[in-house]
Amino acid sequence: MRVDVHTHVYPDRIAEVITGIMERDFGYDAVTTGTVDGVKSHMRDSGVDKSIVLGVAERVDQVRGINDWLISIQDDMLVPFGAIHPDLEDMPGEVRLLRENGIKGIKLHPIMNQFYPDDPKMFPVYEEMGENMVLEIHSGKWPHTKPGDPLYAAPERVMNVVRRFPKLKVIALHLGGFYMLDEAERELIGRENVLIDTTWPPSVKEVGIKTLTTIINKHGINKVCFGTDFPLASQTVDAEFIDSLAITDTDKEKILGENARELIGL
Ligand SMILES: [Zn+2]
């Protein structure tokens, strides 16, 4: 089974606007508009069976609407993870509601929502998630983070959570450190109880074969999941790059879906 653990999809009426904002912020074109129909047709073209759709809420008052919509798009192809905002009055209650409605995980975005994931105020979220739900967390910074900006999602912060909640299922996104690979290699790569994904828009090609292979081998073939950041990256192009690595076919299938299938329970 092929699984992309990292996609963003929006309701039709706002998808075009949001995709445009993403293109402006990142400085390159999206592969298509991030709608339900858009991702499904892209998945059919690229041979991806299931996409994890990550919920992100810029403002706390958006959380309920976003999560209700995510709950409504669950099907054979789309596996949404709910959004949690640090200013929510009842974060564990929201996690419970998501779980009761079939949602298998949550996404945290410490940079966008300006909080440190190892802040004790977040601990009730991790406790409520227990040993079954999966946490996907942005790890690293932005390409456009300025020197001196707070590093909310530094790999070390993510590892503090992993160490404190060793049974929590965690995927540290962007190879464990977007634009912070040195720190990721020091703090996170090769450690236990944390998986990483290969998301590196506009394409994981930018990381290069040598660096990517080193990271995969050091972290462990069973702890790396294929991710793209669709619509900012192409599932076809990034899967082909994984396919070109000098690792066995079995190991490629683990990265391209089997590891995620097992962790998330798909
Ligand atoms: Zn993303």
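Q: Which residues touch the most other members of the largest nonpolar core?
A: I106, V170, I171 and A172, out of 73 residues in that core. A nonpolar core here is a set of buried Ala, Val, Leu, Ile, Met, Phe, Trp, Tyr and Cys residues joined through C-beta atoms within 7 Å. Buried means 20 or more other C-beta atoms within 10 Å of the residue's own, with C-beta atoms placed from the backbone.

Q: And which element gives the most to this core?
A: That's α10, with five residues. Helices are DSSP runs of H or I, at least four residues, and strands are E runs of at least two, numbered from the N terminus.

Q: What's the model, by the way?
A: It's predicted: local features need pLDDT of at least 70 and side-chain atom pairs 80 or more, while totals for chains, interfaces and linings use all residues. Numbering runs from 1 along each chain as its sequence is written.

Q: Back to A172, what does it touch?
A: Leaving out residues up to four places away in sequence, A172 touches I137, S139, P155, V158, L188, V194 and I196. Contact means C-beta atoms within 7 Å, placed from the backbone.

Q: Switching to α9, which of its residues are buried?
A: Q235, D238 and A239, in a helix spanning residues 235-243. They sit on the same side of α9, because their arc around the axis is only 100°, going by directions from the helix axis to the C-beta atoms.

Q: What do they pack against?
A: β1 (3-7), α2 (36-46) and α10 (249-264).

Q: How much of the protein is buried overall?
A: 47% of the 266 residues.

Conventions: Buried ≥ 20, exposed ≤ 12 C-beta atoms within 10 Å, placed from the backbone. Contact = placed C-beta atoms within 7 Å.
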